[in-house]
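Good morning. I will go through one structure today, a few places at a time. Please have the sequence and the 3D view open.

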Amino acid sequence: MPQASPFPLRVSIALVSAAALGYELLLMRWFSMIQWHHFAFMIISLALLGFGVSGTVLSLFSGWLERHFSVVMIANLLLFAGSSVGALALAQRVPFNAEELLWNWRQSLYLLRVYLLLMCPFFFAANSIGLSFLRYRKGISGIYAADLAGAGFGSFGMVILLFYIFPETAVLVVSLTGVLAAAASWWALNRESSAWLIASIGCGCLLYFFPQAWIHPVYSPYKGLSQALRIPGNRIVFESSSPLGRISILESQITPIRHAPGVSLNASGEIPEQIGVYIDADSLSVINRIDEPRKQDWLDQATSALPFHFRHFDRVLIPGAGTGGEVLRALYHQSGHIDAVELNPAIIGLLEDRFAGFSGDLYHRDNVTIHVADARGFAEGQAAEYDLIQLGLLDSMGSSAGLQALGENYLYTVEALKTFLGRLTPQGVLALSLWTKIPPRDTLKMFATAVQALKDRRVPFPGRQLILIRGWQTSTLIVKNGMITGPEITRTLEFCKDRSFDPVYFPGIHPEQTNRYNKVREDYFFLGSHALLSEHSSAFQRDYKFNIEAARDDKPYFFDFFKWRSLPEIISSLGSGGISLLESGYLILMLTLVQAILASMVLILLPLRVAKKRSGDTPMHKVLAYFFPLGVAFMFLEIALIQKFILFLHHPLYAITATLSTILICAGMGSRWAQRFDSPESRFGAVRYSTAAILSLGLAFALGLNSLLVELVNLSQPVKFLIAALLLAPPGFFMGIPFPLGLSAVAARVPAMVPWAWGINGCASVISAILATLVAIQFGFTLLMFFSLLLYAVAALCFPRFSDIKNVPRGA
């Protein structure tokens, strides 16, 4: 007879689930350091197919595995502990270069090796959970509750842990948690044999002596820090790490560091001594040795200095202050009070402590107030008005095109610009600087976003409040809270002439005034800005080779410029310098989705014949039709809810932590509560009513949550975390009910299909994580939420009641 799962075993499941989800978050952080964010997303998504592989293996060998349950369970947990360290150490030494993936076939083989290595820990973790489902059929709800609760605490715990230790130490903590899970399983299953306890203790001791040099991050040779370290005399003098990024401080003893983005080629005056600051081995910024900012004439030689030539500013806001470049610029121009906002406290700490003297006590000056906050959240919570809001180069150029396409950016949306404009004094100025790319993408998209923001504020003639200039490397857009005046246009022309910058747009500009210094064959900057202000704006955006549609909070992918219809032309030009036109992020995501679908098809279909033999006349399509949409729906809704709370909690990290931990822990409670339903009809009823609750709450969230959160946005951060948890708890609770009840229904009639259902759910989760990003990019997060609700409804209609099937024995 099937038994209920013992408590120590559920503790073991909770520990391994916490370790597995923590490991997933850790790998995302790790590969964002050594590669780039969207390649990290691709690698980890497919590594999670280890859950699908587990379902296949358990389906094919369920009889033997169940007969040796105790040994196999503990062995899998110890293998998870060992492989979580070993697989990472080996994977980062595979000579995989993400940037060559689309045209070098060898990279596909290297990538496959990375997949297979990183799949191992997830495979072993999934085996332990799936085996427990198979062994303890009457305890499925309790096991799933432990799984979800452990995952919830694991997500929260890993984020907290990464504030205090480096990732290479955190991976040892993950491994040690796996060892503790094995010890808990030994206590539950095999206490009469001390061999497994000795093995667990031995593994823990080995971790203590494990050389951290073996798992020190090995950065891509194409990242900025790797390139800089090839220069003789350059060395890393300090590093710190947090979930916000790994900071590396670079000093040069031979070749001076010189970093002044966008400075005119006409500039005279010496750039001061600088210290390089890299985040995740890229995104270079510098700390300048400054005694007196007024002596630094080079600060007036960038496109971002333009607004200071209009008039004196008494109150300035600098979002994303970083290492203080724009603060220095404002001080050079003798601005009044400066509010500098920076999200990463470690960056602020560098200038307030370690390099305070070097930087001239930049953040200790009487007229500079530094705020540790999200830039947009700070602006939304302020009642003060500013004469100038200066957004410098907040985006990183990257080392190749398309690296940021999958990154959400809530500072460059229509709603964000409206917020900043709402914090300006009458005649105040919003200045935004970006990198200049040829053909133009970022610049025109920001121009389109600003035009739409002004239209949303009911400005009748947006073009009368805009100025756009460009240099050889950067461009700056001025959005004024009032009409551009004649003297401001004159000063713009003088500013550009003295620095060999090109005016792109101002009210009344003529074609002969543009494209004089930094010449391009076809001046799409000028043509595009005029088209975006004309009645033909929609047609121009539709026909342009890149996506320059205004970004919105519901589709916050400002750096997504990809268009399918431009792909053939771009590919044909790769051999003649067309690589800069290729927005690779979107293509990598599509490639990942195709790989995940093909792998999932194999993993789902491979055990089908064996499962069919063991399940008799069971309609297997019912199992597939229930568990696949359920897995997709869960992930879709989870990701959509994370997005809903990013702006409320003012940081993706806080939103991910609060949403994941609350939903998973509350889903565990729902799963635990669901174990009281032990008859076919009661299970079906519980699934039906829980799905109705999910649909009702989901619709309410989709239609009204944003309005509610806007009203609460100025509350203190702890109160907002509490509100987020209270709002997320009900849907989380009901989301934890359908899966264990469906699995219990399968276990009651056809137990041989339990691992197959577990594998289907795992494959669905992998596909949905990738597909959700594509849906959000194309259609927005609101539609993603509606898709999730539709899939929940489909799953409920396909609940496997098996009313016409007699109990089928487990099989061999």
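Asp280 is buried, with a relative accessible area of 11%. This is a predicted model, so please keep that in mind throughout. Find Asp280 in the loop between β3, residues 274-279, and β4, residues 282-288. Its backbone deserves a look too: Asp280 has a positive phi of about 55 degrees, although Asp280 is not a glycine.

There is another residue of this kind. Gln427 is not a glycine either, and its phi is positive, near 75 degrees. Gln427 sits in strand β9. Is Gln427 buried or partly exposed? With a relative accessible area of 36%, Gln427 counts as partly exposed, because buried means under 20% and exposed means over 50%.

Follow the chain on from strand β9, residues 424-435, into the loop between β9 and α15, and you come to Pro439. The peptide bond joining Ile438 and Pro439 is cis, with omega at about -10 degrees.

Now a charged residue. Glu488 belongs to helix α16, residues 486-499. Glu488 is buried, and its relative accessible area is 7%. Which side chain makes a polar contact with the side chain of Glu488? That is Lys480, at 2.9 Å. If we leave aside neighbours within four places in sequence, Glu488 is in contact with Phe310, Lys480 and Met483.

Next, helix α17, residues 524-533. The buried residues here include Phe525, Phe526, Gly528 and Leu532. Among the elements that cover the buried residues of α17 are α15 (442-456), β10 (466-470), β12 (502-505) and α18 (537-543).

In general, nonpolar side chains tend to be buried together in soluble globular proteins. The largest nonpolar core here has 153 residues, and Tyr23, Phe133, Phe627 and Phe645 touch the most other members. Helix α22, residues 620-649, gives the most to this core, with 17 residues. Apart from this core lies another, of 96 residues, among them Val277, Trp298, Ile389 and Leu411.

Take Phe133 as an example. Again leaving aside neighbours within four places in sequence, its contacts include Ile140, Tyr144, Phe739 and Trp758.

Last, the surface. Which residues make the nonpolar surface patch of about 440 Å²? They are Val594, Ile597, Leu598, Met601 and Leu605. Leu598 lies in helix α20, residues 584-605.

That is the end of my list.

How values were computed
Residues are numbered from 1 along each chain as its sequence is written. This is a predicted model: local features need pLDDT of at least 70, side-chain atom pairs count only at pLDDT 80 or more; totals for chains, interfaces and linings use all residues. Side-chain values use heavy atoms; hydrogens and water are left out. A nonpolar core is a set of buried Ala, Val, Leu, Ile, Met, Phe, Trp, Tyr and Cys residues joined through side-chain atoms within 4.5 Å. Buried means under 20% relative accessible area, exposed over 50%, partly exposed in between (1.4 Å probe, protein chains only). Helices (H or I, at least four residues) and strands (E, at least two) are DSSP runs, numbered from the N terminus. Contact means heavy atoms within 4.5 Å. A polar contact is a pair of N or O atoms within 3.5 Å; within protein, one must be able to donate a hydrogen and the other to accept it, and residues adjacent in sequence count only if both atoms are side-chain atoms. Patches are made of residues with over 30% relative accessible area and no salt bridge: like charges are joined within 9 Å, nonpolar side chains (Val, Leu, Ile, Met, Phe, Trp, Tyr) within 5 Å. Accessible areas come from the Shrake-Rupley method with a 1.4 Å probe; for residues, only the protein chains shown count as cover. A salt bridge is a side-chain nitrogen of Lys or Arg within 4 Å of a carboxyl oxygen of Asp or Glu.
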